[in-house]
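Visitor: I am new to protein models and would like to learn how to read aromatic pairs and surface patches. Could you walk me through them?

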Amino acid sequence: MGRRKDYKPGGKSFVKTADGFDNFAAKLGLGQSNMMAAGTYKPTAALSAQRQVLDSMYRNSWVVGRMVDVVAEDMVRGGIDIQTALPPGDVDELLRYMRRLGVNARLSDAIKWSRLYGGSLAVILIDGADASEPLRLDAIGKGDFRGLYVLDRYQVTPSSQTVTELGPMLGYPESYRVSDSSGVNGLSFHHSRVIRFTGVELPYHERIKEQGWGASNVERAYDRILALDSSVHGAANLMLRAYLRTIGIKRFREILATGGKAEKALTKMFDMIRLFQSNEGLTLLDSEDQFQTHSWTFAGVYDALQAFAEQIAGATGIPLVRLLGQSPKGFSTGEADLATYYDTIATAQDDDLHPAFETLLPICAMSLRGKPLPASTQFKFNPLWQPTEVDKSTIATNDSQAVAGLYAAGVIDEAEAKAELRNSGRLTGRFDNISDESIEAAKVKAAPAPALVAEPDEAEPVDTGEGGGLTKQEVSLNGAQVSSMVSLVAQVATGSLPRESGIEMLIAAFPVDRTQAERIMGEVGRGFAPAEPSAGEAV
């Protein structure tokens, strides 16, 4: 006797099932026959591969132009703050040198074309160098760096050979050959001589289809852009039909069918209507004719257009106040939206621009100074959120009080105090008239700043009030400790910390006693009141 086809050892029958919500009676669920279940996503011609379409969209659609330009311009708008052992004057000179060569502007262009086309290169131009060879920093002489040359993905052909050396460029093309009709056609650039930007990062197999590049940022929002533009043009056409007038004429069809004098008389009547409506505002009709007007409202049209605009803002990550220049409505000030957007920009800066400046800063320093930057050199991007004049004044007051307290306590000398004030002026716009000559003059000034303690011999122990002894060298503070002390005093000045807590922290963290901590703190924090929580901050 044969076994049943669904027989399984152990007496269990296995039935193929499909997980997911289903309602057979109501025809609900993706497994049922309904319109929603019929929807799907299918491979289509990638917009990123249609350069002419992207060109037309960028030139003709202001929404696409804003999508591409706004993020790129905001990423470089704030600039960078270089933290190094170099004198402040040398740092300012380096920043001016980069600005003079248009580094930020060219980086902005490269980001724009990567967002529009899916990829771009910023070629590092070194005078007299073989572009096909790896870049060597020690081979760069004074004045050799000539700026950046931007190429979009359609102007270059990546090599079939890829980087095999372990590192962030592993698997990327070894070099790029210019394939357009520009003045550098045919040149090949080694990957170390270019700064590569990608639009939307793609999975491996999709990236292979795009010759190693990414996708255009316009591609994801393409259908929403079409919807918005179509709706706007449709609404504009509706304006032409906002006020309609109709005239009912007895036996109108017969007059048209007969033609001749009757039709001419009808045409003459309408000519007379137009004439008198223009001059006198009169409408002359036969007593049996009917004249009616029809006006239309556009309630809901604006809401529909706004919904499409909001979807584009969501697809691009750019708030409406920045994307379309639209003012916030209701109780919203737009600050929360901008704060979220600036966080997104900060992430993009860390991912894309940080490696670019890490490459360019040493090159610019070698070209300007003929020697590399100090090993401890770091940089950070300046915040895009610009303080008001009141905020700048408050920050400048707090900084000056903190620096004055440190100088009065002998923690820093006059030259260091002036340098700290000028550095703080980059944000506030104050103290920027302190010159290098003034700082140098303070360094060689005969009279020293007040000492932290009485002047003992170099090896004489200094009593710190803890029962032990420290030498003068051990009492001296390094730059990081000075910065920490300034930050601590500033927190007390802004009301973030009580004065007594700040003094105790100074005593615990630095080799000072209570008297010295009181002198460092100065008048800061007397009459302490807790700082008000900022908008949106949890209470």
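Guide: We will look at ring pairs and then at surface patches in this predicted model.

Visitor: How is a pair of aromatic rings described?

Guide: Two things describe such a pair: the distance of the centres and the angle of the planes.

Visitor: How many aromatic pairs does the structure hold?

Guide: There are eight aromatic pairs. One of them joins W113 and Y117, a tilted pair with 6.4 Å centre to centre and 45° between the planes. Both residues sit in helix α5 (residues 103–117), four residues apart, so about one helical turn separates them.

Visitor: Which residues do ring pairs link into a cluster?

Guide: The cluster consists of Y58, W113, Y117 and Y154.

Visitor: And which residues form the nonpolar patch on the surface?

Guide: That patch is V53, Y222 and L226, with about 210 Å² of accessible area together. L226 lies in helix α8 (residues 222–239) and is partly exposed, at 41% relative accessible area.

Visitor: Which residues form the negative surface patch?

Guide: E201, D350, D351 and D352 do. D351 belongs to helix α13 (residues 335–369). With a relative accessible area of 53%, D351 counts as exposed, because the cut-off is over 50%.

Terms used: Residues are numbered from 1 along each chain as its sequence is written. This is a predicted model: local features need pLDDT of at least 70, side-chain atom pairs count only at pLDDT 80 or more; totals for chains, interfaces and linings use all residues. Side-chain values use heavy atoms; hydrogens and water are left out. Patches are made of residues with over 30% relative accessible area and no salt bridge: like charges are joined within 9 Å, nonpolar side chains (Val, Leu, Ile, Met, Phe, Trp, Tyr) within 5 Å. Accessible areas come from the Shrake-Rupley method with a 1.4 Å probe; for residues, only the protein chains shown count as cover. A salt bridge is a side-chain nitrogen of Lys or Arg within 4 Å of a carboxyl oxygen of Asp or Glu. Helices (H or I, at least four residues) and strands (E, at least two) are DSSP runs, numbered from the N terminus. Buried means under 20% relative accessible area, exposed over 50%, partly exposed in between (1.4 Å probe, protein chains only). Lys and Arg count as positive and Asp and Glu as negative; His and the chain ends are not counted. The place of a charge is taken as NZ of Lys, CZ of Arg, CG of Asp or CD of Glu. Rings of Phe, Tyr and Trp (its six-membered ring) pair if their centres lie within 6.5 Å; planes under 30 degrees apart count as stacked, over 60 as edge-to-face and the rest as tilted.
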